[in-house]
Amino acid sequence: MKRIWLASLSAATLALLTACGGGGDDPAAPSTSTPVAVSGLYTSDFSQAPANWAGWNGESSDYTAATAPTGVAFEQRALPAPYVDTKAMFIGGRNNSDDAFLYIKKQFTGLTASTNYTFTIQANLVSSAPSGCLGVGGAPGESVYVIAAASPTEPKATADSTGYTKVNIDRGNQGTPGAASMVLGNIANGVACNAPPRYVAKLLRNTTGITVKTDAEGKVWVLFGIDSGFEDTSSIYLQSLTISFVPVTTT
């Protein structure tokens, strides 16, 4: 039997769905109640064929040439048991630098140009990282943070003058958010450290959001990933993302 974990939307999100429409990676229809700027609601369902969520690409950062993460993968895979006949976006790799950041990114269009928006996000994922465990550098669950960011500038992992590769936007680091990012939580799944390992679905979201300004063409980049302080292999299966942009209003 196919099992997909779904989370109920908040009342605010339901209201936004009603007002703006949603589904797929297409922008929501303009809101008739917002004469100056349109809202945008986007969904990416990674259980569907890749053509339905085209545009998401993976990168890694926060390392030197000698400490680059290994075994890095960003690809659709079948979920392990107990999930049956269900796929998701696998994001994972081994942290060799004590600070590996693995993320996917995509540019969204159809918003109002040069406009301030409140960016919020909801993620449905599956994790096998137990809770309350000790690990090298940090815990395998609580020390692997889930990060989301939004920026008019494309996030890129580039090497600086010292040879250290990092993202070119202010996305903070591990449990500390930056000006362009938010920390949604971590990948600990609630299973006790001494219990048999298993995969558990988890909902992470931020309904407060951060402010981001679109570029001159009404475009904005979104980044989502895991930032690890655990010096070993970490991974998640990302089932879906729901991303909202609401114009910032002033009174």
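**Entry 1, ground rules.** I noted that in this predicted model local features need pLDDT of at least 70 and side-chain atom pairs count only at pLDDT 80 or more, while totals for chains, interfaces and linings use all residues. Residues are numbered from 1 along each chain as its sequence is written, and side-chain values use heavy atoms, with hydrogens and water left out.

**Entry 2, the sheet.** I looked up strands, which are DSSP runs of E with at least two residues, numbered from the N terminus, and which pair if DSSP finds at least two bridges between them. I found an open sheet of five strands in the order β2-β5-β12-β7-β10, with antiparallel pairing. Its edge strands are β2 (57-61) and β10 (181-186), each of which pairs on one side only. I then followed β2 to β5 (residues 100-108), where the two pair in the antiparallel sense over five bridges, and I saw that S60 stands opposite L102 in β5.

I next looked for nonpolar cores, meaning sets of buried Ala, Val, Leu, Ile, Met, Phe, Trp, Tyr and Cys residues joined through side-chain atoms within 4.5 Å; buried means under 20% relative accessible area, exposed over 50%, and partly exposed in between, with a 1.4 Å probe and protein chains only. The largest such core has 38 residues, and those with the most contacts inside it are F119, F224, L238 and F245. Among the elements that give two or more residues to this core are β6 (116-127) and β13 (233-247).

I counted rings of Phe, Tyr and Trp (its six-membered ring) as a pair if their centres lie within 6.5 Å, with planes under 30 degrees apart taken as stacked, over 60 as edge-to-face and the rest as tilted. The structure holds ten aromatic pairs. The rings of W56 and F108 have centres 5.8 Å apart and planes at 70°, so I wrote this pair down as edge-to-face. W56 lies in the loop between β1 (40-45) and β2, and F108 in strand β5, 52 residues apart. W56 is buried, with a relative accessible area of 7%, and F108 is buried as well, at 1%. The rings of F119 and F245 have centres 5.5 Å apart and planes at 25°, so this pair is stacked. F119 is in strand β6 and F245 in strand β13, 126 residues apart, and both residues are buried. I finally noted that Y42, F46, W53, W56, F108, Y117, F119 and F245 form one aromatic cluster.

Technical notes:
Helices (H or I, at least four residues) and strands (E, at least two) are DSSP runs, numbered from the N terminus.
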